[in-house]
Amino acid sequence: MSNIRKVAELAGVSVATVSRTLKMPERVSPLTRDRVLAAVEQAGYRPNLMAVQFRSRKTRNLVVLVPVIANVFFARVISGIQEAAQAIDYRVLLCDTLGREEVEIAYAELVRAHQADGLIQLRAFDPFSSSGPQGEGLPPMVNACEILDVPPCPTLRLDNRAAAHEMTEHLLGLGHRRIGLIKGPQGSPLTRERIAGYEDALRQAGVAPDPTLLCRGNFTLQSGYDAAGQLLGNIERPTAIFCENDEMAIGAIKRIREAGLGVPQDISVAGFDDIPFAAFCDPPLTTIAQPAEAFGRYAVEMLVAQFAHQPLETAHLVLPHQLVIRGSTAAVAR
């Protein structure tokens with residue numbers, strides 16, 4: 001591989017000028033910049049990344065831990081991360097952890113070992129908690145999407161309790177009183193917050209929460225399908241079903257139709273996330289929209305601010321949600 005001295009010879013400039021052109025092109029004249037870049041191309045020069053990393057102590061790698069990459073919402077968050085990272089010349093090292101703590105800890109060690117500059121975690125688990133000397137500061141990390149109770153760690157989240165409350169109010173406003181809830185994974189902060197918002201709205205409307213109307217899911221199509229079947233088996237079936245994500249809602253709609261019932265004529269169905277499929281399923285899905293790509297972009301910005309030791313305007317950012325009303329919900333049938 002040609003070295004930087006060859007580039008300098010071809011361009012007729014010093015090695016220092018080549019280095020300055022590659023690192024700070026705005027600091028050299030356009031004519032010099034064009035000559036150096038032409039020489040770089042002619043020589044086939046590529047910087048020695050190991051040497052650059054050694055001098056700068058920056059790898060320009062970001063580790064991203066995603067619990068389920070097949071989940072459409074997480075895929076949108078990753079898209080936002082990738083967009084923001086590429087804009088500042090960072091690479092994304094993505095790990096589909098399937099929620100396995102040992103995998104998350106292993107990837108977090110890339111940051112401890114200075115093979116990556118920081119980490120973005122998409123679920124409520126601190127992979128640094130069991131590694132590193134006691135008392136050592138937390139490496140650069142941002143938690144996005146779920147609340148992580150690690151005080152030094154910046155977090156991004158939605159007010160899930162308020163969002164679930166708003167959706168339940170929408171269904172109550174349509175006259176529904178028997179509202180089923182298909183929950184997310186047990187132990188998830190998102191699940192707990194959305195249950196709390198649902199129950200808050202019921203109580204405020206004078207409706208006692210009914211445990212038989214709560215079914216466990218895991219944010220997959222199949223779990224929504226199965227849970228809807230369980231709710232349909234109740235002696236008095238629900239007139240509406242609120243699912244804690246859109247994929248479960250789409251699965252629930254399939255199961256309801258297989259039972260010979262119509263959506264929303266017999267049962268209204270609502271979701272959460274506003275994934276792209278939500279507007280195109282039949283009927284289009286009423287849901288809570290949350291800015292998935294913005295989660296990713298803000299996570300990168302907050303992480304890079306830690307690298308630069310810049311103060312954050314807030315270490316715990318709450319992003320807005322929006323109730324999107326479509327054809328899957330309607331007034332209760334009389």
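α1 and α3 are oblique to each other. Before I go on: this is a predicted model.

Now the geometry. Helix α1 covers residues 4–11, and helix α3 covers residues 30–43. They pack at an angle of about 125°, and their axes are 8 Å apart. Angles over 145 degrees would count as roughly antiparallel, and 65 to 115 as roughly perpendicular, so this pair falls under oblique. The crossing of α1 past α3 is right-handed.

Who makes the contact? On the α1 side, take Lys-6, Val-7, Leu-10 and Ala-11. On the α3 side, take Arg-35, Val-36, Ala-39, Val-40, Gln-42 and Ala-43. Sort the contact by class, and you get 7 nonpolar residues, 1 polar and 2 charged.

Next, the aromatics. Searching the whole structure gives 3 aromatic pairs. One to look at is Phe-73 with Phe-295. The ring centres are 6.2 Å apart. The planes sit at 75°. The cut-off for edge-to-face is over 60 degrees, so this pair is edge-to-face.

Buried or exposed? Take Phe-73 and its relative accessible area. The value is 7%, so Phe-73 is buried. Phe-295 has 0% relative accessibility, so Phe-295 counts as buried too.

Conventions. Residues are numbered from 1 along each chain as its sequence is written. This is a predicted model: local features need pLDDT of at least 70, side-chain atom pairs count only at pLDDT 80 or more; totals for chains, interfaces and linings use all residues. Side-chain values use heavy atoms; hydrogens and water are left out. Axes are lines fitted to C-alpha atoms, for helices over the stretch in contact, and angles run from 0 to 180 degrees between N-to-C directions. Helices (H or I, at least four residues) and strands (E, at least two) are DSSP runs, numbered from the N terminus. Angles under 35 degrees count as roughly parallel, over 145 as roughly antiparallel, 65 to 115 as roughly perpendicular and the rest as oblique. A crossing is left-handed if the near helix is turned anticlockwise from the far one by less than a right angle, and right-handed if clockwise. Contact means heavy atoms within 4.5 Å. Ala, Val, Leu, Ile, Met, Phe, Trp, Tyr, Cys and Pro count as nonpolar, Asp, Glu, Lys and Arg as charged, and the others, Gly among them, as polar. Rings of Phe, Tyr and Trp (its six-membered ring) pair if their centres lie within 6.5 Å; planes under 30 degrees apart count as stacked, over 60 as edge-to-face and the rest as tilted. Buried means under 20% relative accessible area, exposed over 50%, partly exposed in between (1.4 Å probe, protein chains only).
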